[in-house]
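Here is a friendly walk through one protein model, taken a piece at a time. Keep the structure open beside the text and look up each residue as it comes along.

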Amino acid sequence: MHNYRKITEDLYWVGGNDRRLELFENIFPLSKGVSYNSYLLLDEKTVLLDTADAAISRQFLENVTAALNGRPLDYLIINHMEPDHCALIEDLLWRYPDLKIIGNIKTFPFIHQFYDLETEGKTITVKEGDSLNFGRHTLRFVMAPMVHWPEAMMTYDETDKILFSADAFGTFGALNGNLFTDEIDFDHGWLDETRRYYTNIVGKYGMQVQNVLKKAAGLDIRMLCPLHGPIWRNNLSYILEKYDLWSKYEPEEKGVMIAAASMYGNTENMAEVFASFLAEAGVKNICFHNISKTHVSELISDTFKYSHIILAAPTYNNGIYPLMNTYLEDMQALSVQNRTFAVLGNGSWAPQSTKLMEAKLKEMKNTRLITDNFTIKSSLKEDHMEALKELAKKIAEELK
């Protein structure tokens, strides 16, 4: 049965939810599923903005058919050619052979890379600032290269002041009936997943996001329609300000994230003791992760969130504990910067983890390291306590 939703007088959400998918992009855990958003405009001409993932093909096609209510589909706008948003182009062409596909010069090579489609005479190529009129609505096209693919673009409805923002302003999490952010408790139910989505999917491209935010500032936007997650129709400054912070790699909060790796509990004990010293020094905003039980995407999300990051790990095979090494490599790949780090290392006979972790951090842009080879051998001893207390006090002072 169809399950489409009315957004405005002539705009409909025709997407769907996938609550079965375990891993987004076969990497990121989805405990709450994910939505694939697609939007249908019923003007003098009918216009579909993006398709969906093959996993929800039946629901998507039923929604489009029902919302059209016997009308043909005239145009398909492709804002983003990633397969979770364009898997059903061929199905639409079979059903609506007169369909015209609108994209930019980088869109169409991707179509032919992914699919064996005959598109001769069926495409319309647009560039930055171009606009097309479909009756009451005029849609203008805003290029958004590398947010987060090279062909990405956004579509702005000049009539109703809606920005169809592709993968920007989206989030992990299936929609639970509520379609709009003002219908949900976004801070408590959605913000963490929105940050995890941004930091891991788009985080590397801060400069490109800044460029798009500047373009958005020149538009009168009253609604944001992303390809994942709920629609923004009020308080748009909230999500725009979050994107501004994240894309500048500035901490969202003053606080301490502790990321600890431990084989037998001794390194974890050091991190736990240090967390207590932080609390005694007056630090209230402390987040503690056992990185062996926390997916790296959550570690990255909290790395973008907090101002001070504590890394605690033992030496393993004369190197960095593997899961900590993966986390550090992800930080580098996603351009983490403007953070203060402290490193607490361990090793029983040839401790190397501290120096190796510090070396990786020094390669990262605009990072500050406030420890210098703090290493224990096997377990924390009384003679280490004063140095840990002093480090905790230093961090507490910086957070005031």
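## Inside the core

Leaving aside its neighbours within four places in sequence, M324 is in contact with A259, I291, L311, A312, A313 and M357. Before going further, please keep in mind that this is a predicted model. M324 belongs to the largest nonpolar core, which has 116 residues. Together with I89, L311 and Y327, M324 is among the residues with the most contacts inside that core. Apart from this core lies another one, of 25 residues, including V283, I310, L391 and A396. In soluble globular proteins, nonpolar side chains tend to be buried together.

## The sheet of five strands

What is the order of the strands in the open sheet of 5 strands? Reading across, the order is β12-β13-β14-β15-β16, and the pairing is mixed. At the edges stand β12 (131–133) and β16 (223–225), each with a single partner strand, so one side of each is left without a neighbour in the sheet. On average, neighbouring strands of this sheet are turned by 20° against each other, direction ignored.

Now look at strand β14 (residues 153–157). Is β14 largely enclosed or left open, and why? Of its 5 residues, 5 are buried, so β14 is largely enclosed by the rest of the structure. M153, T155 and D157 point one way from the strand, while M154 and Y156 point the other way.

β14 also has partners to meet. Strand β13 (residues 138–143) pairs with β14 in the antiparallel sense over 5 bridges. Across this pair, L139 has D157 as its bridge partner, and V142 stands opposite M154. Strand β15 (residues 162–164) runs antiparallel to β14 and is joined to it by 3 bridges. Here T155 stands opposite F164. The hairpin of β14 and β15 has 4 residues between the strands, and K161 takes a positive phi near 60°.

## The sheet of seven strands

There is also an open sheet of 7 strands, with mixed pairing and the order β1-β2-β7-β8-β9-β10-β11. Its edge strands are β1 (5–6) and β11 (123–125), each of which pairs on one side only. Within this sheet, β7 (residues 39–42) and β8 (residues 46–49) run antiparallel and are joined by 4 bridges. L41 finds its bridge partner in V47 of β8.

Helices meet this sheet too. Helix α1 (residues 57–68) packs on it, touching β7 and β8. Helix α4 (residues 107–114) lies across β10 (100–103) and β11.

| Strand pair | Bridges |
|---|---|
| β7 and β8 | 4 bridges |
| β13 and β14 | 5 bridges |
| β14 and β15 | 3 bridges |

Two packed helices are described by the angle between their axes and the distance between the axes. Helix α7 (residues 206–217) and helix α8 (residues 236–247) pack at an angle of about 145°, with their axes 9 Å apart. The crossing of α7 past α8 is left-handed.

Which residues of α7 and α8 meet? From α7 come G206, V209, Q210 and L213, and from α8 come L240, Y243, D244 and S247. The residues of this contact divide into 4 nonpolar, 3 polar and 1 charged.

Technical notes. Residues numbered from 1 in each chain as written. Predicted model: local features only at pLDDT ≥ 70, side-chain atom pairs only at ≥ 80, totals over all residues. Heavy atoms only, no water. Core = buried A, V, L, I, M, F, W, Y, C linked by side-chain atoms within 4.5 Å. Buried < 20%, exposed > 50% of the residue type's maximum accessible area, 1.4 Å probe, protein only. Contact = heavy atoms within 4.5 Å. Axes fitted to C-alpha atoms, helices over the stretch in contact; angles between N-to-C directions. Helix = DSSP H or I, 4+ residues; strand = E, 2+ residues; numbered from the N terminus. Left-handed = near helix turned anticlockwise from the far one by under 90°. Nonpolar A, V, L, I, M, F, W, Y, C, P; charged D, E, K, R; others polar. Pairing = 2+ DSSP bridges.
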